[in-house]
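Me: I have a structure to go through with you. Can you take my questions one at a time?

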Amino acid sequence: MRIGLALSGGAARGIAHIGVLKYLEDRDLKPACIAGTSAGSIVGSLYCSGKPVQQLVKIASTMSWRDMISFSFPRKGLIDSSRLLKILKEHLGDITFADLKIPLIVNAVDLSSGEEVVIEKGPVAEAVQASCAIPGIFTPVKWKNYLLVDGGLLDNLPTRHLKDRKVDYVIAVNVGAQRPLQKEPDNFFEILIQSYDIIRRHRDMPAYECTDTIIEPELGDITFHDTSNPGILIDRGYEAARQTLEKVNFEKKPPLFSFFSRKRARS
């Protein structure tokens, strides 16, 4: 069975995507295609480049927001997104989409036209940088004739991009689908990200209709910038995937995008 995997944005909570990939590997399941937005595009690009899950775990344990932050206060954002690009290139090098072991779809939004831009060609690191450029926080990314920002602005759960990829079963992992936070935001960054997430949480409901199974790890007690406990995020992603997928028979082809086959789980 060909599995399509959609990985949502969610800042540091995107580390939970690694736990989902670990569960899939434990079941000898390999996605035939991955679509990723923002943090989901980071994890997706690393995995599609051929890096094993254990290496992704090591990368997550060494990455922090401080590595990406340089408060130089450029005119178009609080943080220069070139720092993120430097980190991405340390792990991805200059590979292009054509070099990937698994096909990857990355989305971003053009500020000029207000339209979504789907990237499947060219340098991977630059595409991921653009998909992660949270408006107002990271500076936009110039790509061809576009000025790109975070793909989550329009589509934080890019399931529909898998519809035409000849996949039999679509799994969506939404790490930004939290209900009320268990911890009150206490700084500008957390307030802005949470406000942004509230908007896209309600807007992303149509994405569920293009999905066979939805995995929603319970991450409400972890703030969007907290990378101090990657192991907890990975474990919760793994457990949510186990609870959601353990009874799914991937040997049998279900009707694609069946509304009644959707399941949700919280670890």
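Predicted model: local features only at pLDDT ≥ 70, side-chain atom pairs only at ≥ 80, totals over all residues.

Me: Fine. How many bridges join β5 to β6, and in what sense do the strands run?

Reply: Three bridges, and the strands run antiparallel. β5 covers residues 141-143. Valine 141 sits opposite leucine 148 of β6.

Me: What do β5 and β6 form, and how many residues lie between them?

Reply: A hairpin, with two residues between the strands. Lysine 144 is in that turn, and its phi is positive, about 55 degrees.

Me: Why is β6 described as largely enclosed?

Reply: Because four of its five residues are buried, the rest of the structure largely encloses β6. The cut-off for buried is under 20% relative accessible area.

Me: Which strand do three bridges join to β6, apart from β5?

Reply: β3 is joined to β6 by three bridges, again antiparallel. In that pairing alanine 108 faces aspartate 150 of β6.

Me: And β3 with β4: how many bridges there?

Reply: Four, in the antiparallel sense. β3 spans residues 104-110. Asparagine 107 stands opposite valine 118 of β4. β3 and β4 form a hairpin too, with five residues between them. Glycine 114 is in the turn and has a positive phi of about 75 degrees.

Me: Which residues of β4 are on the covered face, and which on the uncovered one?

Reply: Val117 and Ile119 make up the covered face. Glu116 and Val118 are on the uncovered face.

Me: New topic, charges. How many salt bridges does the structure hold?

Reply: Ten. As background, oppositely charged side chains can pair when their charged atoms come close.

Me: What does arginine 160 form a salt bridge with?

Reply: Glutamate 116, with the closest N and O atoms 2.3 Å apart. Arginine 160 is in the loop between β6 (146-150) and β7 (169-173), while glutamate 116 is in β4, so the pair ties together parts 44 residues apart in sequence. Arginine 160 is partly exposed, at 42% relative accessibility.

Me: What about lysine 89? Which residue is its salt-bridge partner?

Reply: Glutamate 126, and their closest N and O atoms are 3.2 Å apart. This pair links distant parts of the chain: lysine 89 is in α5 (residues 82-92) and glutamate 126 in α6 (residues 124-131), 37 residues apart. Lysine 89 is partly exposed, with a relative accessible area of 31%.

Me: Which residues are linked with Lys89 in a network of salt bridges?

Reply: Asp94 and Glu126.

Me: Now α1. Where do lysine 22 and aspartate 26 lie?

Reply: Both are in α1 (residues 16-26), four residues apart, which is about one turn of the helix.

Me: At what angle do α1 and α2 pack?

Reply: About 40 degrees, with the axes 10 Å apart. From α1 the contact uses His17, Ile18, Leu21 and Glu25. From α2 it uses Gly40, Val43 and Tyr47. By class, that gives four nonpolar, two polar and one charged residues.

Me: How far from cysteine 33 is the nearest cysteine sulfur?

Reply: 7.4 Å, and that sulfur belongs to cysteine 48. Cysteine 33 is buried, with 3% relative accessibility.

Me: Is cysteine 132 buried or exposed?

Reply: Buried, at 6% relative accessibility.

Me: Last one. Which residues does isoleucine 3 touch?

Reply: Beyond residues up to four places away in sequence, isoleucine 3 touches Leu29, Pro31, Ala32, Cys33, Val167, Tyr169, Ile171 and Phe250. Isoleucine 3 is in β1 (residues 3-7). It is buried, at 2% relative accessibility. The C-alpha atoms of isoleucine 3 and isoleucine 171 are 7.3 Å apart, although 168 residues separate the two along the chain.

Methods:
Residues numbered from 1 in each chain as written. Heavy atoms only, no water. Salt bridge = Lys/Arg side-chain N within 4 Å of Asp/Glu carboxyl O. Buried < 20%, exposed > 50% of the residue type's maximum accessible area, 1.4 Å probe, protein only. Axes fitted to C-alpha atoms, helices over the stretch in contact; angles between N-to-C directions. Contact = heavy atoms within 4.5 Å. Nonpolar A, V, L, I, M, F, W, Y, C, P; charged D, E, K, R; others polar. Disulfide = S-S within 2.5 Å. Pairing = 2+ DSSP bridges.
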